[in-house]
Amino acid sequence: MAGEPQDDCLFCKIVAGQVPATIVRETETTVAFRDINPQAPTHVLVIPKAHYRDAAALADGAPELAADVLRETRAVAEEEKLESYRTVFNSGAGAGQTVWHAHAHLLGGRGLQWPPG
């Protein structure tokens, strides 16, 4: 069920403290931690503590929580002293989503070309 922790979800296990992560910021509703396969000098994942499959499910089911995730990407970027950064939500396997828990990638610390990918 949307919003409920999933036993087979890596990010739900991070939220529960069952899997270690390098947490850089935590709020009542979100957790931000360093990506284990960074694609930029700063690569932080910002996730809602509640489980939603992807960004669309999060926006539909809990728009206020989606806003929290976006606010936290900005807060992390400020703490990391990034002058510019990119926020990315991958939705679906074809877009590169590998963990089925909504999450934002915060990328910065180097030039990011357009188009990505």
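View 1. Lys 81 is exposed, with a relative accessible area of 72%, where exposed means over 50% relative accessible area, buried means under 20%, and partly exposed lies in between (1.4 Å probe, protein chains only). The residue is found in the loop between helix H3 (63-79) and strand E4 (85-88); helices (H or I, at least four residues) and strands (E, at least two) are DSSP runs, numbered from the N terminus. Although Lys 81 is not a glycine, this residue has a positive phi of about 60 degrees. Most residues other than glycine have a negative phi, and most peptide bonds are trans. This is a predicted model, in which local features need pLDDT of at least 70 and side-chain atom pairs count only at pLDDT 80 or more, while totals for chains, interfaces and linings use all residues. Residues are numbered from 1 along each chain as its sequence is written, and side-chain values use heavy atoms, with hydrogens and water left out.

**View 2. The cis peptide bond between Trp 114 and Pro 115.** The peptide bond that leads from Trp 114 to Pro 115 is cis, and its omega is near 5 degrees. Pro 115 is found in the segment after strand E5 (104-108).

**View 3. Cys 9 and Cys 12, two buried cysteines.** The structure holds zero disulfides, a disulfide being a pair of cysteine sulfur atoms within 2.5 Å. Cys 9 is in no disulfide, and the cysteine sulfur nearest to its own, that of Cys 12, is 3.6 Å away. A disulfide is a covalent bond between the sulfur atoms of two cysteines. Seen from Cys 12, the closest cysteine sulfur is in Cys 9, and because the distance is 3.6 Å, it is too far for a bond. Cys 9 is buried at a relative accessible area of 6%, and Cys 12 counts as buried at 7%.

**View 4. Strand E3, covered on both faces.** Seven of the seven residues of strand E3 (residues 42-48) are buried, so the strand is largely enclosed by the rest of the structure.

**View 5. The pairing of E3 with E2 and with E5.** Strand E2 (residues 30-34) and E3 pair in the antiparallel sense over five bridges, where two strands pair if DSSP finds at least two bridges between them. Val 31 has Ile 47 as its bridge partner in E3. E3 and E5 also pair in the antiparallel sense, over five bridges, and here Val 46 stands opposite Ala 104 in E5.
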